[in-house]
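Got a two-chain model open and want to talk it through?

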Amino acid sequence: MALLEVKDLRVRAGGREIVKRASLRVDEGEIVNLIGPNGSGKSTLARAIMGSEGYEVEGEIRFKGEDISDLPMHERARRGLTLCWQEPARFEGLTVGEYLMAGCDDEEWARRCLRMVGLDPDEYWERECGEGLSGGERKRVELASVMVMRPDLVILDEPDAGLDMTSSEDLAKLIEWMRREGSSVLLITHSRDLAERVGDRAYLMMDGEIVEEGDPEEIVYKCRMCGGDLVCEAE
Amino acid sequence: MRGGVSEEEVFGPAEYHADPDAPRVVILENKVVNVQDREGLELEAEELDDGVRAELVVKEGFELDEPVHFCVGIPWEEGVQRIETRVVVEPEARIRLLSHCSFPRAEDVLHEMKAEFVVKDGAELEVQDIHYHGEGGVRLRAEYDVEVGEGARLSSEFRLTKGRVGELWWVSRGVVRREGSLEGVVRIMAREDDKVDIEESVRLVGEDSRAVLDSRAAAIDGARVRFVGELSGEAPGAKGHVECSEIIRGDGRVESVPKLKVVDPDARLTHEAALGTLERREIEALMSRGLSEEEAVEMLVEAMLRG
């Protein structure tokens with residue numbers, strides 16, 4: 001069953017068309033990769049799906065069969081859709097525990113999610129999200145914060161960007177854990193290693209358009225053939 | 001819970017009320033309900049024709065770890081409360097004052113407070129003043145005169161971050177003598193037609209005296225906040241700092257005025273002011289976890305005011 005269906009989406013911001021035409025689908029239990037070079041419109045597409053302000057959006061976004069195009073962001077989240085932001089906010093004054101508990105009412109589960117991203121809850125729960133965390137730690141908290149919601153679908157926008165030490169292998173394990181816990185995943189990445197390690201299917205996005213769908217390795221190959229500048233861990 | 005605010009926040013810590021011997025003054029509208037003093041303290045409260053006068057004297061050298069509790073308020077919709085307070089902390093004494101001013105059902109309430117704090121040489125006074133004005137708001141007029149003696153220390157914190165403000169007018173004047181220090185912290189969240197007008201001034205008249213005025217306020221959806229923090233450096237080695245950090249949301253307005261006056265060339269005064277709006281991406285990050293925009297804003301503002 002399709003969880004997320006996006007049809008002929010066009011997204012404009014600041015008078016510029018950033019997403020020219022995008023259609024994709026994520027089924028229940030699937031991990032789907034959205035691969036493309038920097039600047040191809042992947043993050044804009046993710047924010048438009050989530051309902052971020054400041055975009056003119058045309059086209060159709062259906063979640064669990066419901067047209068959510070006109071819903072505000074929090075209503076989309078309450079229906080089981082969430083986004084792990086590429087650049088986590090600093091949240092001055094807010095503690096890690098408070099941020100995590102914004103998305104759920106089960107502290108034990110929230111602490112477990114924190115442990116899953118490699119942070120000891122006893123040490124980090126009361127830490128302040130702004131001054132109290134490094135950039136890499138903040139990114140891990142961001143990853144934990146999506147999982148505390150037990151979402152039906154999580155969009156991971158460049159989850160390895162700014163992450164302090166986790167290798168693509170560890171990150172791939174974490175994404176598989178998300179699936180086992182009941183979340184489907186739309187993984188946005190321009191990391192070749194990550195894209196080849198996880199994913200049942202993949203889409204290729206180039207210059208604001210989704211141009212191919214296929215096996216993740218095949219899509220990575222096509223991306224490189226098209227001159228797509230993917231990042232490799234070894235590089 | 002009362003309107004999202006815990007009983008503890010309205011009436012003070014439960015364990016405090018459970019202790020019948022804890023020092024306290026409880027004033028309901030203009031009636032003195034309870035006065036409980038302690039050896040080393042002189043605590044008196046007297047009903048006047050149109051209000052209450054309360055006086056606390058902390059005897060020389062006396063130190064108390066637990067706070068003296070001032071619990072004042074009006075638990076019904078309408079009323080006028082006038083309180084004159086004088087607190088004297090004698091030399092080398094140390095005390096903490098926890099004041100809860102609670103008006104949980106206020107619709108038409110006036111609360112007037114005239115207070116004098118005298119912290120004598122080598123003494124320490126810590127004042128925590130927490131207000132709750134319900135969802136109706138209160139007209140609050142407060143006037144403080146503060147004197148900090150040689151080597152003495154006063155730190156005060158005023159907090160009104162839950163519920164509505166109403167109209168708040170507050171003037172505070174302080175004098176700090178040689179090697180004395182004063183710290184004044186204000187945290188306020190104002191919404192809709194709330195109005196806040198605060199003027200704090202401190203004269204650093206003694207050598208090596210210190211003062212910090214630190215205000216944080218949020219003006220949300222039409223609220224008006226004006227803060228003036230004034231320091232005057234009048235002695236060699238005097239140091240002071242004014243810090244104002246304000247958040248505006250919707251059509252809220254904030255006027256933040258740090259004023260510094262250096263009379264002695266060896267005094268050093270600084271200020272820092274930051275006015276801004278909440279970051280959209282912080283609001284959206286919380287919305288993507290299922291909080292409405294209003295809930296997200298409230299959470300962020302409360303976090304900002306906590307510091």
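What follows is a short exchange about this predicted model.

Me: Let's begin with chain A. How many helices and strands are there in chain A, and what radius of gyration does it have?
Reply: Chain A holds 9 helices and 10 strands. The globule rule gives 18 Å for 235 residues, and the computed value is close to that, so chain A is as compact as a globular protein of that length. The radius of gyration itself is 17 Å.

Me: And what does the C-alpha trace of chain A span along its principal axes? Which percentage of its residues count as buried?
Reply: Along the principal axes, the trace spans about 45 × 45 × 35 Å. Among contacts between residues at least 6 apart in sequence, 69% join residues at least 24 apart. As for burial, the share of the 235 residues is 49%.

Me: Which residue of β4(A) is the bridge partner of Arg12(A)?
Reply: β1(A) is also joined to strand β4 (residues 56–63) of chain A, by 7 bridges. The two run antiparallel. On the β4(A) side, the partner of Arg12(A) is Glu56(A).

Me: Over to chain B. Which are the edge strands of the 9-strand sheet?
Reply: This is an open sheet with mixed pairing, in the order β3-β4-β6-β8-β10-β12-β14-β16-β18. Neighbouring strands are turned by 5° against each other on average, direction ignored. The strands that pair on one side only are β3 (41–48) and β18 (253–262) of chain B.

Me: Inside that sheet, which residue of β12(B) is the bridge partner of Arg139(B)?
Reply: Strand β10 (residues 138–148) and strand β12 (residues 166–176) of chain B pair in the parallel sense, over 11 bridges. In β12(B), the residue bridged to Arg139(B) is Glu167(B).

Me: And the 10-strand sheet: why is one side of β2(B) and of β19(B) left without a neighbour?
Reply: That sheet is open too, with mixed pairing, in the order β2-β1-β5-β7-β9-β11-β13-β15-β17-β19 of chain B. The twist averages 5° from one strand to the next. β2 (31–36) and β19 (268–277) stand at the edges, so what each of them has is a single partner strand.

Me: Which residue of β19(B) is the bridge partner of Ile248(B)?
Reply: Strand β17 (residues 239–249) of chain B is joined to β19(B) by 10 bridges, and the two run parallel. In β19(B), Ile248(B) has as its partner Thr277(B).

Me: What about α4(B): at what angle does it run to β15(B)?
Reply: α4(B) has 14 residues and reaches 20 Å from its first C-alpha to its last. Its buried residues include Val297(B), Leu300(B) and Met304(B), and β13, β15, β17 and α3 of chain B are among what covers them. The helix lies across β13 (181–191), β15 (210–220) and β17 of chain B, and its angle to β15(B) is about 175°.

Me: Last one, the interface. Which element supplies the largest share of the side of chain B that touches chain A?
Reply: 18 residues of chain B are in contact with 19 residues of chain A. α3 (280–287) and α4 (293–306) of chain B each supply at least two residues of that side of chain B. By class, the side has 7 nonpolar, 4 polar and 7 charged residues. The largest share, 7 residues, comes from α3(B).

Conventions:
Residues are numbered from 1 along each chain as its sequence is written. Chains are lettered from A and ligands numbered from 1 in the order in which they are written. This is a predicted model: local features need pLDDT of at least 70, side-chain atom pairs count only at pLDDT 80 or more; totals for chains, interfaces and linings use all residues. Two residues are in contact if their C-beta atoms, placed from the backbone, lie within 7 Å. Helices (H or I, at least four residues) and strands (E, at least two) are DSSP runs, numbered from the N terminus. Ala, Val, Leu, Ile, Met, Phe, Trp, Tyr, Cys and Pro count as nonpolar, Asp, Glu, Lys and Arg as charged, and the others, Gly among them, as polar. The radius of gyration is taken over C-alpha atoms; the globule rule is 2.2 Å times the number of residues to the power 0.38. A residue is buried if 20 or more other C-beta atoms lie within 10 Å of its own, exposed if 12 or fewer, and partly exposed in between; C-beta atoms are placed from the backbone. Two strands pair if DSSP finds at least two bridges between them. Axes are lines fitted to C-alpha atoms, for helices over the stretch in contact, and angles run from 0 to 180 degrees between N-to-C directions. The expected span of a helix is 1.5 Å times one less than its number of residues.
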